[in-house]
Amino acid sequence: MITLDLENSSHKKKLEYLILSLIILLIYKFFYPTIDQSLFSIINDILIYSTIAIGFYNISEITHKKLSNPISLVLNVGLLNAVLFFLTALSSVIFDEIENINEVNSLFYTVVSILVFLIYVSFTTYILAAIRELNFLRQKKPSERNFNLLLVVFALSAISATLAYIYQGLQFIEKTFFVVSTVLIVINSFRVSWIAFLTKRQKIFLLFLSSIMSGLFGFNFALTSESNIIQQVLFNFSTGVDVYFNLVMLFGNVYFGIIFFTTLFHLPTAGAFDQKSEEVSSLIDLSNLMTQVLDFKELGDHITLATNKVCNSDSAWLVTEESNSSELVSVSNIGYLEADGITKTILEEIETPLDKVLTLNKKSIKVKIKNDIRTYIFQSLVIVPLKVHQKNNGYLFAAKRQKYVFDEDEKKALGAFADYAAVALENAKLIKESIYKERLESELNAARDIQSKILPEETPRCDELEVASLFVPAFEVGGDYYDFFKLDSKKLGFVIADVSGKGISASYIMAEVKGIFESLSKVIENPKELLIKANDILTNSLDKKNFVTALYGVIDLNSGKLIFARAGHVPMLVCSEGIVESLRPRGIGLGLDSTAIFNTNIENMEIQLNNNDILILYTDGVTESQNLNAEEFGEERFENLITKHCDNEVDDISREIFKEVSLFSKDKRQHDDITLVLFKWKNYNKIIGEV
Amino acid sequence: MADFNVSSREQGQICIIDVKGYLDAHTAPDLENEFNKLIDNQQYKVVVNFDELNYISSAGLGVFMAYVETMREHKGDIKFSSLKDDVYNIFDLLGFPVLYEFYDNDEEAIFKFNQ
């Protein structure tokens, strides 16, 4: 913002100076409209030169802004030049020369002469400023020195002309400076390298334009060198202005003449130059895309499109290769089915993986598309491997159908382009993978989070019952659930369940199951009835292929009476005096059947617990744990383990069981959640009471 | 992981699907494809031969649950045959034998279909 203000204010100041000097000049001119051979001429010229110099800097700002489009700058110069030519030619035809001009002293003449001066000098200055910009365009070496020298010599020429007019003997100085100016004009005119960077079409236009302009500059120069009315007016306004005008016209004539010839010599290579710059800009576009386009398919489309530009091919397509299967990602200017068929045929024919660019010339390929065998003939077909870190990720195909074969340059460009493309594609792939991994990770975390909130934070404490629970989640949440419900002060309800499936979907079902058991346990005490109701609710909400196994029971803490029912869950184990018994009442999984079959196939089981009896509830994660030989831990090992530790406290037993299970399957990842719930019946009171 | 393989053969109007190896969440889609093919061909009488199946997970069981209704609606069924004891035990625990028919071999299952 600050720099902008500075620019604005300096711009304003320049303009103020220009207006000021113009006003002074005008006032002066009203007093001395024409020059004579006196010192007044020198004051006159000093005023004029300083006005021109200030004007030059003002106009330079305008021309500098047009630098991005040199052709339009040239066009502006041409237009002004044409106007000058038109004015000069027209006025010299209409008006005769004025005789005894030194004695003319009318206001009308003064006004006209000022107008002529303003038009000619401002146009000339614009032309000079424009040429200066063109001169500096695309220059690697600092070139201001030569041009500034030229401006100085222009000024000296003009001043010497004025002096020579006053002191006739000094004409040789004027001539000398004119010659030096001409030499410098020629030197400065060779700065035309910007032409090379124009497109072919622009070059043709410039060729046409410069030929006319050079001619017009020549005419203007010639016209004002002769004596005619304009020359007369300018000369009488100031001798130096006349010289300045002549010199700029000469400069224009030489400069645009050289532009004409340079452009002419550039034309034959213009097409090739366009091609090169197309390649470069395609590469730049691609490297921009690498950072902007993360979508694999979209990137593929950009690559095939750019391929056609880079190597002048008719069609291009991109194939990725992963674990020996290839996939067509994108096509440009060829049918998807065609490209797919051609790719398959070629990849079968050639030796893969390719390690360098392969060219097939005059190739005809038969492809079967929808029961129809078609033959494709290619003048030239280039296959470039897409390699990243020595690994082949796919192929880029470029084909010419009718035109000529690919030349070496085109193949090289394609090779370089393919290297870029391979990196870009690999990049996009890696990003896609990491996004997928991150999403999976966050999904897993969400599932684990849900599960940990669903499971009870602590086991209930009762005098009559030791309770222990152990839950070890698998990497991918398995959907195990257990819970306890204090029904009233002397009854404890419990549930263990296993939801089919894994991950986030299983954890949602778990949440639903928890809700069902929590609410039903408050209203239904009979385990069988409760499971029937739970099945009703779940069959309506579960997917056809999902189900839940569950075991629900109620322990009477007064009497030690246990009543439970099983819905497809693994049996309950009871360990009594070291002997383990598997209790398995009939009952099918929740959500398996919505008809009455569920209701008629479930039964309650009742047992009386004795002192130190242990109840073991578990999920199949325990018994189905596998070792490296795919052997399962199994019920037998499980039951023996319980017998061995049955005298311990339940916390220790559950820990022992987990220890053994993890030892058994130590080399294999835990596949499913492991859940254990253990109860040990302790009715000392009763025993003491009975004794 | 252990492999899974599914193939089907026709015996008259009845289709027999042979399942081999490990049927779990990763391999279940293969079996689903097989069932989809049968439904496309309007074959609704299916016997699944478990002779060479070593393991079935809950996701594997879910496949049968997902398709049995369609089969039964079209007067067909999914019947199971030749299960190993431990595989049968998994079905049994869940109460499948109440809902599906299990046979010792294909012939019995086919015979039942033809009755």
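Mentor: Terms before numbers: angles under 35 degrees count as roughly parallel, over 145 as roughly antiparallel, 65 to 115 as roughly perpendicular and the rest as oblique. This is a predicted model, where local features need pLDDT of at least 70, side-chain atom pairs count only at pLDDT 80 or more, and totals for chains, interfaces and linings use all residues. Residues are numbered from 1 along each chain as its sequence is written, chains are lettered from A and ligands numbered from 1, in the order in which they are written.

Trainee: At what angle do H3 and H7 of chain A pack?

Mentor: About 30°, with the axes of H3(A) (residues 70-94) and H7(A) (residues 200-225) 9 Å apart. Axes are lines fitted to C-alpha atoms, for helices over the stretch in contact, and angles run from 0 to 180 degrees between N-to-C directions. H3(A) and H7(A) are therefore roughly parallel. Helices (H or I, at least four residues) and strands (E, at least two) are DSSP runs, numbered from the N terminus.

Trainee: Left-handed or right-handed crossing?

Mentor: H3(A) passes H7(A) in a left-handed crossing. Left-handed means the near helix is turned anticlockwise from the far one by less than a right angle; right-handed means clockwise.

Trainee: Which residues of H3(A) and H7(A) make the contact?

Mentor: A:Leu75, A:Gly78 and A:Phe85 are among them on H3(A), and A:Leu209, A:Met213 and A:Phe217 are among them on H7(A). Contact means C-beta atoms, placed from the backbone, within 7 Å. By class, that contact has 17 nonpolar, seven polar and no charged residues. Ala, Val, Leu, Ile, Met, Phe, Trp, Tyr, Cys and Pro count as nonpolar, Asp, Glu, Lys and Arg as charged, and the others, Gly among them, as polar.

Trainee: Switching to chain B. How many helices and strands?

Mentor: Five helices and five strands. Along the sequence, chain B runs β-β-α-β-α-β-α-α-β-α.

Trainee: At what angle do H1(B) and H2(B) pack?

Mentor: About 15°, axes 9 Å apart, for H1(B) (residues 28-40) and H2(B) (residues 58-73). That makes H1(B) roughly parallel to H2(B). Their crossing is right-handed. B:Phe35 of H1(B) and B:Tyr67 of H2(B) are among the residues in that contact.

Trainee: And how many residues of chain B touch chain A?

Mentor: 14 residues of chain B contact 18 of chain A. H2(B) gives the largest share of the chain B side, seven residues. That side divides into 10 nonpolar, three polar and one charged.

Trainee: Where is confidence lowest in chain A?

Mentor: In H19(A) (residues 684-690), at a mean pLDDT of 51. pLDDT is the predictor's confidence in each residue, from 0 to 100. Where it is low, the predicted coordinates should not be read in detail. Strand S10(A) (residues 561-567) is highest, at 96.

Terms used: Contact = placed C-beta atoms within 7 Å.
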